[in-house]
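Biologist: Can you walk me through this one? I'd like to start with the ligand and then look around the chain.

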Amino acid sequence: MSQSNPRCGEQHPCTLKDLGWTEEHDAAFSKYTGPYLAGRVACRQKTVWDVLVDGGSVTAGVSGALRRLGRFPAVGDFVVLLDQPEAGTSTIVDILPQKTLFARGTPGREGADQVIAANIDTVFIVTAAGHDLNARRIERYLAIAHASGARPVIVINKSDLADDPATLAGELAAVSPGIPVIPISAVSGEGVDRLDPYLAPRTTIALIGSSGVGKSTLINRLMGRPVQDTSDTRDYDEKGRHTTTVRQLFILAGGALMIDNPGLREVGIGTASTGIAGTFPDILALAEGCRFSDCRHEEEPGCAVRAAVAAGTLPAVRLESFQRLVQELAFEQDKAEIGLVRLEKKRWKAIGKIQRDIGKTKGR
Ligand SMILES: Nc1nc2c(ncn2[C@@H]2O[C@H](COP(=O)(O)OP(=O)(O)OP(=O)(O)O)[C@@H](O)[C@H]2O)c(=O)[nH]1
Ligand SMILES: [Mg+2]
């Protein structure tokens, strides 16, 4: 199958409700009367968006007002369209409130979290047996998944390549207390039915993970036909070869909605602290027993977390990982704050200039 077709939203038999529309959306949309349509963003192609509407799809641009505000819809967003069939155009004029917003920090950029997708119920963090399997990377993915408000599930793909998939699952379960860890093979189909409980109709699942772990292969299996290109990992170079280049939402036969994403190269922790709390509940529970409530688990006396490491009940690497991510979060939050201060300064400068201009006009 080729990805050359620029329109990626397909015709479909679904109603808005089938696409995940709820009573809250009804309430938010009720202020629009006239030639307005509601829909859900399936795909973004540079400057146009494919939007699924009742029974079909339209390609739309974004209104000047949204553009000026820097508000661009993400895949999964519910949007309001100004439909002008006579002019052959549709324009997105509003983005309805988001239930969850899945974003990742973009290292090196000032306080800008990059939105991956909106209104996600479940995130499948996909990894693969072999070199991709890395507990530390999974902790990062978990942190951004928890911060989004969506429920994370870890999927270990390519279990056909592992001698003992259960052992791999056990390794990852140790760094993800309370999170389901499911080994599957998207190629052979082994274990894929264990994903069924997360694929209820009208729920939205996002697939994230490195390039080449088999996200698109899994979508193709769940769709029952090849809707996405996949590529042999032998073609991948050091940086990974990114076969999927645009995010896209698919409607599975059972009625779930699934978003395929390009592989992520860097996973910044972002600026939300909730993610770390969700990812390290074991460390936070231990920290309750520390003598000082602001214990950093470094040199402080009476540290219950370091005591657990010394007793062998908490792996030292997990504490290191926690400390590294906390530091990174503090750095990202500082960066975001500095960015805000700069913006604020810019704003005051602009206001000052406007006031001077007004003063000059008055004097004329
Ligand atoms: N052995 C084995 N190979 C698999 C499995 N799933 C996917 N692959 C192979 O892994 C390669 C990469 O799969 P893709 O589905 O393109 O990976 P992706 O995660 O979508 O990659 P990007 O689009 O670059 O992010 C392909 O050659 C697949 O055939 C599996 O369960 N077992
Ligand atoms: Mg892909």
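Biologist: What kind of model is it, and how do the labels work?

Modeller: It's a predicted model, where local features need pLDDT of at least 70, side-chain atom pairs count only at pLDDT 80 or more, and totals for chains, interfaces and linings use all residues. Residues are numbered from 1 along each chain as its sequence is written, chains are lettered from A and ligands numbered from 1 in the order written, and side-chain values use heavy atoms, with hydrogens and water left out.

Biologist: Which side chains have a polar atom by a nitrogen atom of ligand 1?

Modeller: D160 has a polar side-chain atom 2.8 Å from a nitrogen atom of the ligand, and for N157 the distance is 3.0 Å.

Biologist: Which helix gives the most to the shell around ligand 1?

Modeller: That's α5, residues 215-223, with three residues. Helices here are DSSP runs of H or I with at least four residues, strands are E runs of at least two, and both are numbered from the N terminus.

Biologist: Switching topic: which residues of α4 are buried?

Modeller: L168, A169 and L172, in a helix that spans 165-173. Seen down the axis of α4, the buried residues fall within an arc of 100°, so they line one face. Buried means under 20% relative accessible area, exposed over 50%, and partly exposed in between (1.4 Å probe, protein chains only). The arc is taken from the directions from the helix axis to the C-beta atoms.

Biologist: And what do they pack against?

Modeller: β8 (122-128), α3 (135-148), β9 (151-157) and β10 (181-183). Contact there means heavy atoms within 4.5 Å.

Biologist: What about phi of K46 and N119?

Modeller: Phi is positive in both, near 50° for K46 and near 55° for N119. Most residues other than glycine have a negative phi.

Biologist: Is K46 buried or exposed, and what about N119?

Modeller: K46, in the loop between β1 (36-45) and β2 (48-53), is exposed at 74% relative accessibility. N119, in the loop between β7 (113-118) and β8, is buried at 4%.

Definitions and conventions: A polar contact is a pair of N or O atoms within 3.5 Å; within protein, one must be able to donate a hydrogen and the other to accept it, and residues adjacent in sequence count only if both atoms are side-chain atoms.
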